[in-house]
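Hi everyone, thanks for coming.

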Amino acid sequence: MWTRAMHNPLMMAALESGKFSYLALDFLNLCLQWDPRRRATATELLQHPFLAQVVWDYREHYSEGPVS
């Protein structure tokens with residue numbers, strides 16, 4: 001994943017700004033590929049670590065009991 005960021009100047013600038021996590025930028029990069037052959041599938045995106053982190057953060061913040 002890191003090599004994708006190193007070859008994309010916009011992604012590197014956003015990462016260095018500190019406003020976006022690396023996982024968020026990697027996820028967006030996979031979603032926004034112009035060439036459909038290089039674009040991630042819905043199944044691949046659902047397995048991306050960024051979504052797992054978002055779900056974990058949501059459950060931790062909004063659940064009343066312990067996160068399972």
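Before we start, one term: a residue counts as buried here when its relative accessible area is under 20%. And keep in mind that what you're seeing is a predicted model.

Okay, the overall picture. The protein chain has five helices and zero strands, so if you read along from the N terminus, the elements go α-α-α-α-α. There are 68 residues in the protein chain, and 22% of them count as buried. As for contacts with a separation of 6 or more, 22% of them come from residues 24 or more positions apart.

Now, let's zoom in on H48. Where does H48 sit? You'll find H48 in the loop between α4, residues 42–46, and α5, residues 49–62. Is H48 buried or exposed? Its relative accessible area is 6%, so with the cut-off of under 20%, H48 is buried.

The axes of α5 and α3, which is residues 22–31, come within 8 Å and cross at roughly 130 degrees. That angle is why α3 counts as oblique to α5, and the crossing is left-handed.

Which residues meet there? On the α3 side we have L23, A24 and F27, and on the α5 side P49, F50 and L51. Sorted by type, the residues of this contact are six nonpolar, no polar and no charged.

Methods. Residues numbered from 1 in each chain as written. Predicted model: local features only at pLDDT ≥ 70, side-chain atom pairs only at ≥ 80, totals over all residues. Heavy atoms only, no water. Helix = DSSP H or I, 4+ residues; strand = E, 2+ residues; numbered from the N terminus. Buried < 20%, exposed > 50% of the residue type's maximum accessible area, 1.4 Å probe, protein only. Axes fitted to C-alpha atoms, helices over the stretch in contact; angles between N-to-C directions. Parallel < 35°, antiparallel > 145°, perpendicular 65-115°, else oblique. Left-handed = near helix turned anticlockwise from the far one by under 90°. Contact = heavy atoms within 4.5 Å. Nonpolar A, V, L, I, M, F, W, Y, C, P; charged D, E, K, R; others polar.
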